[in-house]
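Here is a short report for a first look at one protein chain. Please keep the sequence and the 3D view open while reading.

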Amino acid sequence: MSATGVAAAACAGSAAWLVMGRDRGLRRARAVLAGGGFEAASGDAAWRRAADYAGARVRHEWWALAGGAAVALLGESVVPLILGAAGVPLVRRVRRAGDARLEGERRAAAVIALCGVLAGEVRAGRQPGEALRAAAGGGLGEARAGVLAAARFGGDVPGALEEAAREPGAQGLLGLAACWRVAVDRGAGLAAGLERLEGALRAERDQRADLRAQLAGARSTAVMLAGLPVLGLLMGSALGAAPLRVLLHTGAGLGCLAVGGTLEGAGVWWALRIVRGAEER
């Protein structure tokens, strides 16, 4: 089979797979609206659960493969299909990094809420261990059971909190462990320390959010500049210059594609690295 045939088959398969769910949904909707009864409604609910399960399994990185197949069909070359397949693990890595960052932010917000609730419970007259058991939530992460067990049976609560602080976004638990150790060993006010800790963590979170908002323009500019070559290809196609045929079917075009793609990737990586460095500092 020729390269064009391979690209066309892959593109057709991707398109059929992406459209299949919508066509099935339309058929189910017509069946229900036409009076299909309880069985039709039950079948629609079962299909919806299956579609939700499939949607949870299908990740955004597979759009890179679908896009590569589409460009392969337009350019009559298998090269874009190969590049799209190679881009799947890269997009998956970026998605996982974004998911990890969001999870860390949620955990940091849960730690702040834990400090506030715990301070309120202590001021209400509860003992520290009892207050921790009442206030413990998502901020403790997977170490929640160990922390609660230490609080219930008189174990090493600061050590358990320090263990929980190893999870991304839960570094504020180190301050909670320090407040707990000082309050228990020296009799200092736990509620006052927790309130100061909550204020410090909240101020740090707001500062980080403000910095991210200020750097959003730089990140958007880098992404926009990275998309300019695509705009150039579209303009060339509109003018009848057939840039895809030149890039994918000539030696000079393939060389330009390789060099340009390498420089493009290096430029985007460097720009985003500068932005991430500014955020970390």
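## Two loop residues with positive phi

E76 sits in the loop between α3 (62–75) and α4. Helices here are DSSP runs of H or I with at least four residues, strands are runs of E with at least two, and both are numbered from the N terminus. The phi angle of E76 is near 55 degrees, a positive value in a residue other than glycine. E76 counts as partly exposed because its relative accessibility is 36%. The cut-offs are these: buried means under 20% relative accessible area, exposed means over 50%, and partly exposed lies in between (1.4 Å probe, protein chains only).

A242 lies in the loop between α10 and α11 (243–249). It is not a glycine, yet its phi is positive, at about 50 degrees. With a relative accessibility of 36%, A242 counts as partly exposed.

## Model and confidence

This is a predicted model, in which local features need pLDDT of at least 70 and side-chain atom pairs count only at pLDDT 80 or more, while totals for chains, interfaces and linings use all residues. Residues are numbered from 1 along each chain as its sequence is written, and side-chain values use heavy atoms, leaving out hydrogens and water.

pLDDT is the predictor's confidence in each residue, from 0 to 100. The chain has a mean pLDDT of 76, and 75% of its residues reach 70 or more. Where is confidence lowest, and where is it highest? The lowest mean, 44, belongs to helix α1 (residues 3–33), and the highest, 87, to α9. Over residues 1–42 the pLDDT is below 50. That stretch still has 31 contacts in the model beyond near neighbours in sequence. A contact means heavy atoms within 4.5 Å.

## The chain as a whole

The chain has twelve helices and zero strands. Its pattern along the sequence reads α-α-α-α-α-α-α-α-α-α-α-α. Of its 281 residues, 26% count as buried. Take the contacts with a separation of 6 or more: residues 24 or more positions apart account for 56% of them.

## Helix α4 against α9

How do α4 and α9 pack? Their axes are 8 Å apart, at an angle of about 155 degrees. Axes are lines fitted to C-alpha atoms, for helices over the stretch in contact, and angles run from 0 to 180 degrees between N-to-C directions. The angle therefore makes α4 roughly antiparallel to α9. Angles under 35 degrees count as roughly parallel, over 145 as roughly antiparallel, 65 to 115 as roughly perpendicular, and the rest as oblique. The crossing of α4 and α9 is left-handed. A crossing is left-handed if the near helix is turned anticlockwise from the far one by less than a right angle, and right-handed if clockwise.

On the α4 side, the contact includes R101, E105, I112, C115 and G116. On the α9 side, it includes L194, E198, L201 and R205. By class, the contact of α4 with α9 divides into 13 nonpolar, one polar and eight charged residues. Ala, Val, Leu, Ile, Met, Phe, Trp, Tyr, Cys and Pro count as nonpolar, Asp, Glu, Lys and Arg as charged, and the others, Gly among them, as polar.

E198 lies in helix α9 (residues 190–226). It counts as buried because its relative accessibility is 19%. Leaving aside residues up to four places away in sequence, E198 touches I112, C115 and G116.

## Helix α4 against α5

Helix α4 (residues 79–123) also meets helix α5 (residues 128–135). Their axes come within 9 Å and cross at roughly 135 degrees. The two helices are therefore oblique to each other. α4 passes α5 in a right-handed crossing. From α4 come L114, V117, L118, E121 and V122; from α5 come P128, A131, L132, A134 and A135. This contact has nine nonpolar, no polar and one charged residues.

E130 is also found in α5. At 37% relative accessibility, E130 counts as partly exposed. E130 and L118 are twelve residues apart along the chain, and their C-alpha atoms are separated by 9.7 Å.

## A residue in α10

P229 is found in helix α10 (residues 228–238). P229 and G260 are 31 residues apart in sequence, and 9.1 Å apart in space, C-alpha to C-alpha.
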